[in-house]
Amino acid sequence: MREITYASAIKEAMVQEMRIDKDVFILGEDIGIYGGSFGVTNGMIEEFGPERVRNTPISESAISGCAVGVAMMGMRPILEIQFSDFVMIAMDNIVNQAAKMRYMFGGKTQVPMVVRLPSGSGLGFAAQHSQSLEAWMAHVPGLIVVQPSNPYDAKGLMKTAIHNNNPVIFFEQKGLYNTKADVPEEEYKIPLGVAEVKKEGTDLTVVATGIMVNRTLEAAEELEKDGNSIEVIDPRTLVPLDIKTIIESVKKTNRALVVYEAVERGGYGAEIASLIGESEAFDFLDEPVSRLGGIATPIPYNPKLEKAAVPQVEDIVKKVKSMMNK
Amino acid sequence: MKHVLESVESQFEVFQILNEDGKIVNKDDMPDLSDEDLKELMRRMVYTRVLDQRSIALNRQGRLGFYAPTAGQEASQLGSHFALEKDDFILPGYRDVPQLIWHGLPLYQAFLFSRGHFHGNQMPEGVNALSPQIIIGAQYVQAAGVALGMKLRGKKAVAVTYTGDGGTSQGDFYEGMNFAGAYGAPAIFFVQNNYFAISVPVEQQTAAKTLAQKAVAAGIEGIQVDGMDVLAMYAATKHARERAINGDGPMLIEALTYRYGPHTMAGDDPTRYRTEDLDNEWEKKDPIVRFRTFLEGKKLWSEEEENKVIEQAKDDIKEAIKEADKYPKQKVTDLMENMYEELPHNLQEQWEEYKEKESK
């Protein structure tokens, strides 16, 4: 099988769907000849032309509002918000409009749009270009929120997202764009609400999201050397969340840690931790469910400080060890 | 260094056909409407005035919920709508329920909308419209999207959206026009300038002398129209529609109008921010009074005819309220079912719990 990058996997999913379905098109800032800020849409304007790869004015409210309007006309827009941080300007259209249209119109309208959000830290983009805001989106009824951690899932989830008739918020970690993995060229989809057990283990369950899946897998290898057997779960989709797989795992390992890049306070990992605490897994716990997330500051520009602001492999190792040694 | 603001602003003139005394003052732009069309316009305005009065009364009796009074704005709302076709797509603001009704939304559903029942927002097949937007200005960016959709699909139709003077201060107002302009999308943007955004007068809203001139910055045409003149509103809209369909791009139409009543029925008292003199001044410009004078001059209208419309409206409203009362009440499970195309598995449990409660 061929290896392709996370960015190429997302692009391949969009290209394949656009070839099949004339109603699918993409819009966003600099996505044409420039190929998008992270190169995800490179070459697409050459194949599909400017009507279907639509460069927009710098106007996030209009990009998202226009997408809501055009989606209600039966098209299937995929919009790229250049950095997920700019989604603030599009929030009314996502939260008040896209998420609520079907509900308010008694199921008679649908807004099948995909909002692509390049997010996360680690590339030196500083405070206003590096946030992880998935908890905001997961809070809103009516949205679907996905967060692929690898190229294979990115392609399969993008396909699922394009086919879904609800608005889908698609979080892409910028640091993952150049990571490579085996991705089949042919058609496949990743269902919503199905987590993946990335590594089986017996001593402690780590539920990790986005880029933290990769860091946790690295940490697990490290921990293995000291005889700690870690089970790693990637929920892949936050809304809906496959809580059953997580609960089953915790019942087996008796310990649970949630690792996420976003600010720990109020992050989506807090929701996962609560769900574990409220479930039948509670009776199996040897110690309280724990969280490891970002510190409560804006993401620093200084590379050392930037690293310090979000969990790194060694932080995960340290946290797990402290839990195992209790 | 050359300043252009004054010269740009002075270019905007109020477009009028029928003056306050019911006389045609602009024969050149007189639209080609049959006698029957002219009478239909009058019927719609009279009918809508009755609907407004009854809706206010029903609200006070607790039989309707949210309601934004429309009296005074009939020419602006219905004159513009009369120039539209069935295929045109309306994105209204919350005061624009009359256009929806004349676009095909049954009256009982308009009442259910007022009561917050989702069925009020379920547009019947073939009624191309959204239910009223509540967030100020949001319909402008969506209209750009709907218009883009029409263009992409090769439809010979336009997206038509309405906001008020206050809405023009929103970023969405400008972004929507700019987007539609950049894409040459077939959209008509209306501003019904009734001079007060709840209590804030328009001169506190902007330094711009007209709201129509805001089109210039977006590179699209803008026009200021006497919004109490139903013929001018019709003619301006017809013109904007033809341009849009011919691929000449979107247009902004500012209608100068006035709402006689409060902002909404949720506790607004306009005497706190408007004088009686101002109210009286605007009532002299009333769209129905001047059009009646015009039609009577042409021997097309009579008191008898007007009474017939009033009675018809009252009967329809009575029936529609009965029908709204009869409609099944909404349940918690409805809310969940309406939210996603397929219920996510973790909402399924919630749904089952309520389904059981509701069956008892």
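The C-alpha centres of domain 1 and domain 2 of chain B lie 38 Å apart. Domain 1 covers residues 5-329 and domain 2 covers 330-360, with bounds taken from an automatic or database domain assignment. This is a predicted model, in which local features need pLDDT of at least 70 and side-chain atom pairs count only at pLDDT 80 or more, while totals for chains, interfaces and linings use all residues. Residues are numbered from 1 along each chain as its sequence is written, chains are lettered from A and ligands numbered from 1 in the order in which they are written, and side-chain values use heavy atoms, with hydrogens and water left out.

Chain B contains 15 helices and 8 strands. These elements are DSSP runs numbered from the N terminus (helices, H or I, at least four residues; strands, E, at least two). Along its principal axes, the C-alpha trace of chain B spans about 70 × 55 × 45 Å. The radius of gyration of chain B is 21 Å, which agrees with the value near 21 Å for a compact globule because the chain has 360 residues. That radius is taken over C-alpha atoms, and the globule rule is 2.2 Å times the number of residues to the power 0.38.

The domain interface within chain B was examined next. Here 5 residues of domain 1 are in contact with 4 residues of domain 2 (contact means heavy atoms within 4.5 Å). The two domains of chain B bury about 380 Å² between them, 44% of it on carbon and sulfur atoms. Buried area is the accessible area (1.4 Å probe) that two parts lose on being put together, summed over both. By class, the side of domain 1 that touches domain 2 has 2 nonpolar, 2 polar and 1 charged residues. In this classification Ala, Val, Leu, Ile, Met, Phe, Trp, Tyr, Cys and Pro are nonpolar, Asp, Glu, Lys and Arg are charged, and the others, Gly among them, are polar.

Between the chains, 47 residues of chain A are in contact with 35 residues of chain B. Chain A and chain B bury about 3,400 Å² between them, 60% of it on carbon and sulfur atoms. A:M73, A:Y103 and A:F105 supply 19% of the area that chain A buries against chain B, more than any other three residues. Across this interface the rule finds 2 salt bridges. B:E349 and A:K244 meet through their side chains in a salt bridge (4.0 Å, N to O). The count of residue pairs in polar contact between the chains is 20. On the side of chain A that touches chain B, two or more residues each come from β3 (53-55), α3 (60-72) and α4 (87-104). The largest share, 10 residues, comes from α3(A). This side of chain A divides into 21 nonpolar, 17 polar and 9 charged residues.

Some backbone features concern loops. A cis peptide bond joins A:V239 and A:P240, with omega about 0 degrees. A:P240 sits in the loop between β12 (237-239) and α8 (243-253) of chain A. A:N254 is not a glycine, yet has a positive phi of about 70 degrees. A:N254 lies in the loop between α8 and β13 (256-263) of chain A. In chain B, B:K299 has a positive phi near 60 degrees, again in a residue other than glycine. B:K299 is placed in the loop between α12 (287-297) and α13 (303-326) of chain B.

Note on methods: A polar contact is a pair of N or O atoms within 3.5 Å; within protein, one must be able to donate a hydrogen and the other to accept it, and residues adjacent in sequence count only if both atoms are side-chain atoms.
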